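I opened this model to look up two things.

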Amino acid sequence: MSLRVEAAHKVFRARRGARVVALDGVDIEAKSGELLVIVGPSGSGKSTLLRAVAGLEALDGGRVVIDDRDVTHLPAGRRDVAMVFQEAALFPHLGVAANIGIGERARGSRRRDVEARVGEVARLLDIEDLLPRMPSELSGGERQRVALARAMIRSPRVCLLDEPLASVDAELRLRMRGEIRTVQRSLGVPMVHVTHDQVEAMAMGDRVAVLGAGRVLQCDTPADLYARPATTAVARMFGPLPMNLLPAVDGVVVGVRPERVRVCRTEDGAGRGGSVVAVEPAGEDCLVRVLPDEASGDLLARLPWADAPHVGERVAVAWRAEDEHRFDATTGKRR
Ligand code: ADP
Ligand code: MG
């Protein structure tokens with residue numbers, strides 16, 4: 001099984017004639033059993049892309065291909081695509097079990113078979129105890145799990161998740177990440193998971209497509225995106241923290257990740273001199289902002305608390321040569 005989107009183009013026309021290019025030639029591919037994450041800021045076209053795959057939005061150009069079959073002009077109901085939205089839309093007058101099984105019932109499956117399938121997915125998602133409840137008796141995270149179960153029950157050809165964890169609290173989000181991966185492996189279908197959360201993208205994706213203004217800026221494994229961002233835009237967007245980019249010298253922009261910047265007391269050794277302008281706690285670590293003496297933008301460093309300098313302290317920042325990334329100052333492309 002596979003999903004391919006080729007050269008997808010979508011333009012929205014707003015009321016006063018303004019045009020919004022939501023998708024500007026997007027290519028993505030997800031294979032059987034693969035979890036592809038689409039990550040990008042708000043408004044970059046993530047939902048439009050998923051809705052186009054599901055058949056909820058017509059493309060102005062390009063194709064959607066599922067299992068080598070062009071479904072671009074098929075209605076949503078005939079695409080065999082399951083989609084979970086940010087806010088779980090459950091039927092309020094139906095119980096949880098009925099909500100999960102409703103699609104199967106509508107397709108004419110026997111009540112008994114549906115009940116058995118509902119039991120299976122409920123076990124998989126660890127929500128068996130929720131089955132007798134009504135949607136109004138569920139927390140946000142529980143509702144989202146029910147929506148996930150409803151999407152999974154009919155073994156779709158493709159599974160799409162549009163920021164399903166965005167309104168789930170932090171602890172449950174961590175668990176649900178793992179559960180989504182488990183379900184995805186057991187389904188064995190291509191899954192596309194949309195998020196604006198870099199950490200979630202890195203943790204979940206087999207591959208990650210970074211979307212910016214309706215274009216795929218780069219699509220790679222999380223490790224490769226982190227180690228070799230193709231452009232300065234990806235370097236700033238993808239990763240636990242934006243990469244530091246130094247002012248261009250001779251047409252080259254040097255980048256270094258905050259995780260790789262060392263901050264030393266000036267007397268200790270070589271490096272660029274500067275002063276600490278901010279220290280911010282970040283769990284075990286702290287984020288230190290240094291204004292270099294040859295000032296043109298500050299530098300962020302992530303250090304263990306034990307090494308944290310004080311605000312106002314004189315320091316030197318340094319990094320290893322192999323931790324430098326080089327980009328073309330004009331095009332922003334990796335050299
Ligand atoms: P994301 O999900 O990444 O936040 P969307 O795909 O929802 O982004 O939106 C992409 C762009 O298309 C945004 O600029 C948004 O305002 C615009 N857009 C989305 N849907 C519509 C619509 N129905 N009418 C007009 N503009 C829209
Ligand atoms: Mg969206």
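My entries on the ligand shell and on one helix follow.

I am working with a predicted model, where local features need pLDDT of at least 70, side-chain atom pairs count only at pLDDT 80 or more, and totals for chains, interfaces and linings use all residues. Residues are numbered from 1 along each chain as its sequence is written, chains are lettered from A and ligands numbered from 1 in the order in which they are written, and side-chain values use heavy atoms, with hydrogens and water left out.

**Ligand 1**

I listed the residues around ligand 1 (a heavy atom within 4 Å of it): Phe12, Val20, Ala22, Pro41, Ser42, Gly43, Ser44, Gly45, Lys46, Ser47 and Thr48. By class I get four nonpolar, six polar and one charged; Gly counts as polar here.

Next I checked polar contacts (N or O pairs within 3.5 Å). A polar side-chain atom of Lys46 sits 2.8 Å from a ligand oxygen. For the side chain of Ser47, an N or O atom is 2.9 Å from an oxygen of ligand 1. Gly45 uses a polar backbone atom, 3.1 Å from a ligand oxygen.

I then looked up burial. Alone, ligand 1 exposes 560 Å², and the protein buries 61% of that (Shrake-Rupley, 1.4 Å probe). Two or more shell residues come from each of β2 (19-31) and α1 (46-54). α1 gives the most, with three. Helices are DSSP runs of H or I, at least four residues; strands are E, at least two.

**Helix α2**

I moved to α2, residues 96-106. Its buried residues (under 20% relative accessible area, 1.4 Å probe, protein chains only) are Val96, Asn99, Ile100, Gly101 and Glu104. They pack against α3 (111-124) and α4 (140-152), with contact meaning heavy atoms within 4.5 Å. Just after α2, Gly108 has a positive phi of about 90°.

Methods. Polar contact = N/O pair within 3.5 Å; in protein donor to acceptor, adjacent residues only side chain to side chain. Buried < 20%, exposed > 50% of the residue type's maximum accessible area, 1.4 Å probe, protein only.
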